[in-house]
Amino acid sequence: RMVEGHAAIADALMSLATQAGYTNDCVYLQQRVHRVDLEARCFVMGGEVVEALYTRFARIDAGGYVRDYEKAHTEDEAMRDWFYNDQEAWRSVKQQIEALSRRWHLWLLSQAAEPTASVRIDYM
């Protein structure tokens, strides 16, 4: 859910952490990005991206929830349609995602006694 302001963030986090059946010991949040050209939803195992979905927000409802997404069916489609077929920029983005995913994996290893088997990291 997208919220603005400290009080709204606190309320949203409390709502997440106290919902029935919630057993995680932490909640992650991200700063709102008002204009998203592309979101790379990366599935990471052992610090390596093993799969990625490429989407964009199509509709955000009055409550701040993203309700509809545009989805590229292939990586080539995402590059062509949302990166205007700029292959050099696309290669740079892919290299940055791979490097950041490795770094986030190492950070996650330092935060818990047991290693994280997999994680989804969204890049915008």
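In this predicted model, strand E4 gives the most to the lining of the largest pocket, with 6 residues. That pocket has a volume of about 1,800 Å³. Its lining is made by 43 residues. Those closest to the pocket centre are Val27, Tyr28, Leu29, Gln30 and Asp122. Several elements give two or more residues to this lining: helix H1 (6-17), strand E1, strand E3 (66-72), helix H3 and strand E4. By class, the lining of the largest pocket divides into 24 nonpolar, 10 polar and 9 charged residues.

The second largest pocket has a volume of about 200 Å³. Here helix H3 gives the most to the lining, with 4 residues. The residues that line this pocket are Asp37, Leu38, Ala40, Phe83, Val93, Gln96, Ile97, Leu100, Tyr123 and Met124. Of these, 8 are nonpolar, 1 is polar and 1 is charged.

Cavities were also examined. The count comes to 1 cavity of 30 Å³ or more. The largest cavity has a volume of about 30 Å³. Three elements each supply at least two residues of its lining: strand E1 (39-45), helix H3 and strand E4 (118-123). The lining includes Val44 and Met45, together with Gly46 and Gly47. His105 and Leu108 also line the cavity. The rest of the lining consists of Thr116, Ala117, Ser118 and Val119. By class, the cavity lining has 5 nonpolar and 5 polar residues, and no charged residues.

Helix H3 also takes part in a helix crossing. The axes of helix H2 (residues 75-82) and helix H3 (residues 87-111) come within 10 Å. They cross at roughly 125 degrees. H2 is therefore oblique to H3. The crossing of the two helices is right-handed. On the H2 side, the contact is made by Glu75, Ala78 and Met79. On the H3 side, Gln87, Trp90 and Lys94 make the contact. By class, the contact of H2 with H3 has 3 nonpolar, 1 polar and 2 charged residues.

How values were computed
Residues numbered from 1 in each chain as written. Predicted model: local features only at pLDDT ≥ 70, side-chain atom pairs only at ≥ 80, totals over all residues. Heavy atoms only, no water. Axes fitted to C-alpha atoms, helices over the stretch in contact; angles between N-to-C directions. Parallel < 35°, antiparallel > 145°, perpendicular 65-115°, else oblique. Left-handed = near helix turned anticlockwise from the far one by under 90°. Contact = heavy atoms within 4.5 Å. Nonpolar A, V, L, I, M, F, W, Y, C, P; charged D, E, K, R; others polar. 1 Å grid on protein atoms, 1.4 Å probe; cavity = no way out; pocket = protein on both sides within 12 Å on 5 of 7 lines; lining within 4 Å. Points joined across faces, edges and corners; volume = space filled by probe spheres on them.
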